[in-house]
Structure formats: structure tokens, C-alpha cells
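Dear colleague,

I am handing over the structure we spoke about, together with my notes on what was found in it. Please open it beside this email as you read.

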Amino acid sequence: MDNYLNSYREMISLRGLTHHTMTSYSTYISAYLDYLSVFLCKDPQDVSWQELRDFIRWLQKARSLSDRTMNAVISQLRFFTIYVLHKTWDDSQLPRRRFDEYLPYVPSQKDTWTFISTIPDLKVKAFVTLLYSAGLRSCEVRNLKCPDIEHSNKRIFIRQAKNRSSRYAILSDTAWDTILEYWYSFTTEARPRDWLFTQQRDKTRPLNHEHIPHHIALHEKRLGWEHRISCHTFRHAFGTHLYENGTDLLTIKALLGHKSITSTTIYVHLASNGTTCAVSPLDRLAGEYRGRV
């Protein structure tokens, strides 16, 4: 089975995906190969569609996975079948799941300011400030290098983000002040020169992905708030608050780097004035015709 897994990783690598994506995509294929070894004692070439469906049911029950995650598993099985086994894939044999859409939690503008302005750790404060002020993903902030902060142009260069696309994000004056405060908190010799946010023990490596979520949870507890905030919450807050303040959806789409406007329209529902500012036609009719009948 190791040969199959290695071939799968090689094909992913040839596709040009990142190491993080390769690790993520390998997770459930590894589980699938283990399932074949332990339960079916079969080679992947000999697995039937019914046995594939049985694996999907077993995996969802064993790991309590969401329908959205199960769609990702099906996509990985499809890739494995086509590019490793060199067999055709039939969507009618293993259809993708439908799943419920949900609206993420977004704090109010006041609560967002309260949260960020009271973060005691300057490094965490600078990181979260960039998350919110420019609507960045956590990985985008972790991968920022000092030259990417273009103060003279009031913009931030985001290189090779999601879908390997680069873009410019806005650099707010308040965020710039916080970055400067963070940068000057180091001695001259220890100030960041390459990565803006580095690991504590190894200054040549960007910040670990678990560092900020841990501190966000600690700060929620410090404030006595319910645990509802993640790094991605601040990206949603950026888009939502821009819409509340009158920014059009196409501009928000460009700033967030969305490929489709469909991804951006969620902020209409999240904004406090998104749908409530619309007046029902019944109320207009009542105001115009009430008393005339």
C-alpha cells in the first residue's frame, strides 16, 4: 500500500500543489488504503464501486465527518482513481453530498475594536491587526516578509495565496503604527529582516500556524467572552464591516481575492444593515394606499 500512497503524493506534487495541501490530501487516501488492508484485504485495483460506497459510509461514521468534508474525501478518491490507478471515474456511482450552508459568526465593529485593542502580547496584536485591517488569511500573514509591507504605497503584497494567485491588500494607518511598534520592540540586531513574524526559537522560519489561534482563545477567556472567534473570523469581519460602511461588493471581492462574486455576497447577509435596510413592498403599499380603500 505504501507504493500507492507514494504514487498518489507524486501525482499531487506534479500538479504543483503545496506541501501543506499534499499532506491534507493524503490524509484520507491513507485512511482508505488502511481500510483496504485491514477490512477487505484487497488491492485498490480490485475494489468495486459498492466497496467504495461502503468505505465512505464507514469513514463518516467512524470519524463523524461533515458532508462538506466527505465531498473532499470523494474528490481525493477520484484523483487517486484517475491518476494513480489510471481508471475512469463515474460520478453517478459515488455522488457528491449536499450540505447545509451556514453563516459564520462575525463580531460587531465595537467588539472587534475591543478585542484587538486589548490584546496584551504585541506580536499577537500586530498579527491580528493585519488579519482584520486587510482581510487576510492566517497563512497569508504568516508568510508575509518585511518588504511585502509597502508603506509608501499603503498596500501589502500577498504572494502566492490561495489558488496560487497574488494580489495587493490595503495597509491601514493604524495597522502600520502597530507594525512599527512591534518591529521597534526588538533590539536592533533582533528585528525581523526576512519573515515579519518568526518562530521564537528559529528566526529563519515563519510563525507556527498554531500560535495565534491559541492566543486568540486565551484572549477570549481573558475578556470573559464565549469561544467563537478564530483567525478567519477577522477576514469575515473585514468584509462585513466594509459592506456595512458602504463599500461595494466588487471592491470587497478584489480586496479579499475572491475568484467569484458568489463568495463575496455572504457579507450582505452578515452585515447588520445588509438585508434590514430593504423596505418591504407591503409597507410601501400600506403607506401609500392605507385609508384610500
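**Aromatic residues**

One aromatic cluster is formed by Tyr4, Tyr8, Tyr32, Tyr35, Phe39, Phe55, Trp58, Phe79, Phe80 and Tyr83, where rings of Phe, Tyr and Trp (its six-membered ring) pair if their centres lie within 6.5 Å, and planes under 30 degrees apart count as stacked, over 60 as edge-to-face and the rest as tilted. Please bear in mind that this is a predicted model, in which local features need pLDDT of at least 70 and side-chain atom pairs count only at pLDDT 80 or more, while totals for chains, interfaces and linings use all residues. Residues are numbered from 1 along each chain as its sequence is written, and side-chain values use heavy atoms, with hydrogens and water left out.

Across the whole structure the search finds 19 aromatic pairs. One of them is the tilted pair of Tyr8 and Phe80, with 6.0 Å from centre to centre and 55° between the planes. This pair links distant parts of the chain, as Tyr8 belongs to helix α1 (residues 2-14) and Phe80 to helix α4 (residues 67-83), 72 residues apart; helices here are DSSP runs (H or I, at least four residues), as are strands (E, at least two), numbered from the N terminus. Both Tyr8 and Phe80 are buried, a term that means under 20% relative accessible area, with exposed meaning over 50% and partly exposed in between (1.4 Å probe, protein chains only). The rings of Phe79 and Tyr83 also form a tilted pair, because their centres are 4.6 Å apart and their planes are at 35°. These two residues both lie in helix α4, four residues apart, or about one turn of the helix. Phe79 counts as buried because its relative accessibility is 10%, whereas Tyr83, at 39%, counts as partly exposed.

Two charged side chains lie over rings, in the sense that NZ of Lys or CZ of Arg is within 6 Å of the ring centre and within 35 degrees of the ring normal. Lys145 lies over the face of Trp195, at 4.6 Å from the ring centre, and Arg155 over the face of Tyr168, at 3.6 Å from the ring centre.

**Backbone in two loops**

Ser64, in the loop between α3 (49-63) and α4, has a phi near 50°, a positive value in a residue other than glycine. Ser64 is exposed, because its relative accessible area is 64%. Lys154, in the loop between β1 (149-150) and β2, likewise has a positive phi, near 55°; at 43% relative accessibility, Lys154 counts as partly exposed.

**Elements and the second largest pocket**

Finally, α5 (109-117), α6 (122-134) and α8 (173-184) each supply at least two residues of the lining of the second largest pocket, and α5 gives the most, with five.

With best wishes
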